[in-house]
Amino acid sequence: MPFKSQVAVITGAASGLGLVIAHKLLNDGASVGLLDLNETGLLEHFVGNQRQEEVIGVDVTDELQVQRAIEKVIARFGKIDILINCVGITGVTQVKSHEVSSENLRKVMDVNFMSAFYTSKAVLPFMLANNYGRILHVASIAGKEGNAGMLAYSASKAAIIGMTKVQGKEYAETGITINALAPAVIQTPLVAAMPEAQVRYMTEKIPMKRCGTLEEAANMAAFIVSPENSFTTGFTFDLSGGRATY
């Protein structure tokens, strides 16, 4: 039970990577604040261990709602040791930059980047009070290399990586580590909803010639937010089947 007595907050917990990570941390002993706009989805997946679960339907693009959700977790469990930002959307894909809708770009940035800013801003004071914390922002290989036809998504994930570097340096002496995870193509509902040509374009860039699995991603995420990962911060971990070598 490596996370026994620890408290985590996970965004995007109703599906995909957030769902699998949440179950892993729960199984490993953590109490978890489960955040997602899809509250119905949360209730479908998290009803078996209510002693460790706090289900919160929340729009993570609304800073006030995020602050209230974090306060609710604190009121229930007394502290927050771990924050994992999994929520994300691709927005419209297979469009060149001059065809990108400004409205769509703003929406993707709000969901993918601003939500991670809001949640980390909300939890950091509580982590600082305890001189301990683990924050993981889920980025993407697209944030490192850029995927053609995915300006909004690539830019939002690059922003996540930039924020991770800044936050890692700012809190390096506080007992708080802040890192990112950069998956290539992982078998998630988000990827399943993308055009086949876009997925093929991304998969062909992976030397292993396959998608990553949710279990592989969850295992790496669990290590990143574990007490054992104590001397790495401001770093973006690779999960790309060999695509990223830096």
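I looked up the largest nonpolar core first. Of its 33 residues, Ile10, Ile21, Leu25, Val32, Leu34, Phe46 and Ile84 touch the most other members. A nonpolar core here is a set of buried Ala, Val, Leu, Ile, Met, Phe, Trp, Tyr and Cys residues joined through side-chain atoms within 4.5 Å. Buried means under 20% relative accessible area (1.4 Å probe, protein chains only). I noted a second, separate core of 23 residues, which includes Val60, Ala69, Val73 and Leu83.

The model is predicted: local features need pLDDT of at least 70, side-chain atom pairs count only at pLDDT 80 or more, and totals for chains, interfaces and linings use all residues. Residues are numbered from 1 along each chain as its sequence is written, and side-chain values use heavy atoms, without hydrogens and water.

Next I checked the sheet. It is open, with seven strands in the order S3-S2-S1-S4-S5-S6-S7 and parallel pairing. Strands are DSSP runs (E, at least two residues) and helices are too (H or I, at least four), numbered from the N terminus. Two strands pair if DSSP finds at least two bridges between them. Strand S3 (53–57) and S7 stand at the edges with a single partner strand each, so one side of each has no neighbour in the sheet.

Last, I turned to helix H9 (residues 214–224). Leu214, Ala217, Ala218, Ala221, Ala222 and Ile224 are buried there. They cover an arc of only 155° around the axis, which puts them on the same side of H9. The arc is taken from the directions from the helix axis to the C-beta atoms.

Terms used: Buried means under 20% relative accessible area, exposed over 50%, partly exposed in between (1.4 Å probe, protein chains only).
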